[in-house]
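The exercises below are to be worked through with the sequence and the coordinates at hand. Each task is followed by a solution that goes step by step.

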Amino acid sequence: MMNERLPIAEIWVYLSGSPLFALILTLATYQLGYTLYVKANRNPIVNPVAISVLLATFCIYAIDMPYQKYFEGAQFVHFLLGTATVALAVPIYRGCSSLKGKLVPMTLALLIGSAVSIGSAVSIASMLGAGDNIVGSMYAKSVTAPIAMGIAERIHVSPTLTAVFTVATGMLGAILAPFIMNFLRIKPWWIRGTAIGVGAHGLGITRAFSVNEEAGTYASMAMGLNGVLSAVLLPIVVNYLRS
Amino acid sequence: MINGLVQLLIWQGLGELVSILLLPNIPGPVLGLLFLLAFLLVKGEVNQPLGMVADSFRQHLGLLFVPASVGVILFLPDLKTHALAVTAALLISVVLTIATTALVLKFFAKRAHDE
């Protein structure tokens, strides 16, 4: 009996000690989530990231693995966030040709949109008595996750909570955006795209591309520009507010 | 594919370098993004390997923030206590953000149309 169980126990010790386990867990849960997402006709409610996070969190909780241990393995995926941020230059560049004459309104809309996003989230959270940790992480949640986490580190708030809030925002935005636009009777694709790019980041872009090519291009560009503007301005604003 | 990845990593490295040496307030990858954008604007085209890697990153951007988001496990008690505040803040903020952005653009589009 002992002889039969020992090898399995050893394999387990080896696996859970190496980065492999965390990598498999991260990628396999995401793959599962993505498959479900495609099967559900890319419905934003079936969000692959949310599914992956739920399953992976449940697994490491069930086997009692400390988060730090998990992250040691998963950091190889995490590292690529920076590279993915650089890659956002490509959709921005592709959208540039259609930007003619719209740069000023778009920049203004992005600035006002972000200000509303941050102002409302931070004030509602602090009014309802959320702690510093949560309120702080509301600052950066209005931009795409890779940039948001970079900003979070700069303004000394939790990158983790920021990432979670950003993903939740993306899901909510992608689900709600069409209703908001129809309610406000907004028809031009470029306006719908831009608004969803600011409000719902990556998920919004996916949604926009599935409806209309022009909306998708504008959404990508809006998300990228919004991220850059926020990365430059947010640390300055936050430092000013805190001093 | 490797070719595109190498290009991105080099721009990222350059961004990190400038961030550390000159502009500590801006994350390195964001500077990398700006450098690459400037490069593309000067070049006037996206080379094929770069476009391919950028597209696959965009498609699976979500995967990359799974590791950090799993850290939510550390904050569960905190989030449970403030569930209402978090939900209300996220929900109201996202509706206001999308509505405001769209209305500002609509205002400008209408003005441009009237002129």
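The model used here is predicted.

**Exercise 1.** Determine how helices α8 and α11 of chain A are oriented towards each other, and which residues make their contact.

*Solution.* Begin with the axes: helix α8 (residues 145-154) of chain A packs against helix α11 (residues 213-242) of chain A at an angle of about 5°, the axes being 10 Å apart. With the cut-off of 35 degrees, α8(A) and α11(A) are therefore roughly parallel to each other. Next, list the contact, to which α8(A) brings A:Ile147, A:Gly150, A:Ile151 and A:Arg154, while α11(A) brings A:Gly227, A:Ser230, A:Ala231, A:Leu234 and A:Pro235. Finally, sort these residues by class, which gives 5 nonpolar, 3 polar and 1 charged.

**Exercise 2.** Describe the side of chain B that touches chain A.

*Solution.* Start from the counts: 66 residues of chain B are in contact with 86 residues of chain A. Then assign the chain B side to its helices, among which α7(B) supplies the largest share, 24 residues.

**Exercise 3.** Examine the largest nonpolar core and the surroundings of A:Met138.

*Solution.* The largest nonpolar core has 108 residues, and A:Met138, A:Val167, B:Leu33 and B:Phe65 are among those that touch the most other members. Helix α9 (residues 159-183) of chain A gives the most to this core, with 12 residues. Turning to A:Met138 and leaving aside residues up to four places away in sequence, one finds that A:Met138 touches A:Ala121, A:Val122, A:Ala125, A:Phe165 and B:Ala89.

Note on methods
Residues are numbered from 1 along each chain as its sequence is written. Chains are lettered from A and ligands numbered from 1 in the order in which they are written. This is a predicted model: local features need pLDDT of at least 70, side-chain atom pairs count only at pLDDT 80 or more; totals for chains, interfaces and linings use all residues. Axes are lines fitted to C-alpha atoms, for helices over the stretch in contact, and angles run from 0 to 180 degrees between N-to-C directions. Helices (H or I, at least four residues) and strands (E, at least two) are DSSP runs, numbered from the N terminus. Angles under 35 degrees count as roughly parallel, over 145 as roughly antiparallel, 65 to 115 as roughly perpendicular and the rest as oblique. Two residues are in contact if their C-beta atoms, placed from the backbone, lie within 7 Å. Ala, Val, Leu, Ile, Met, Phe, Trp, Tyr, Cys and Pro count as nonpolar, Asp, Glu, Lys and Arg as charged, and the others, Gly among them, as polar. A nonpolar core is a set of buried Ala, Val, Leu, Ile, Met, Phe, Trp, Tyr and Cys residues joined through C-beta atoms within 7 Å. A residue is buried if 20 or more other C-beta atoms lie within 10 Å of its own, exposed if 12 or fewer, and partly exposed in between; C-beta atoms are placed from the backbone.
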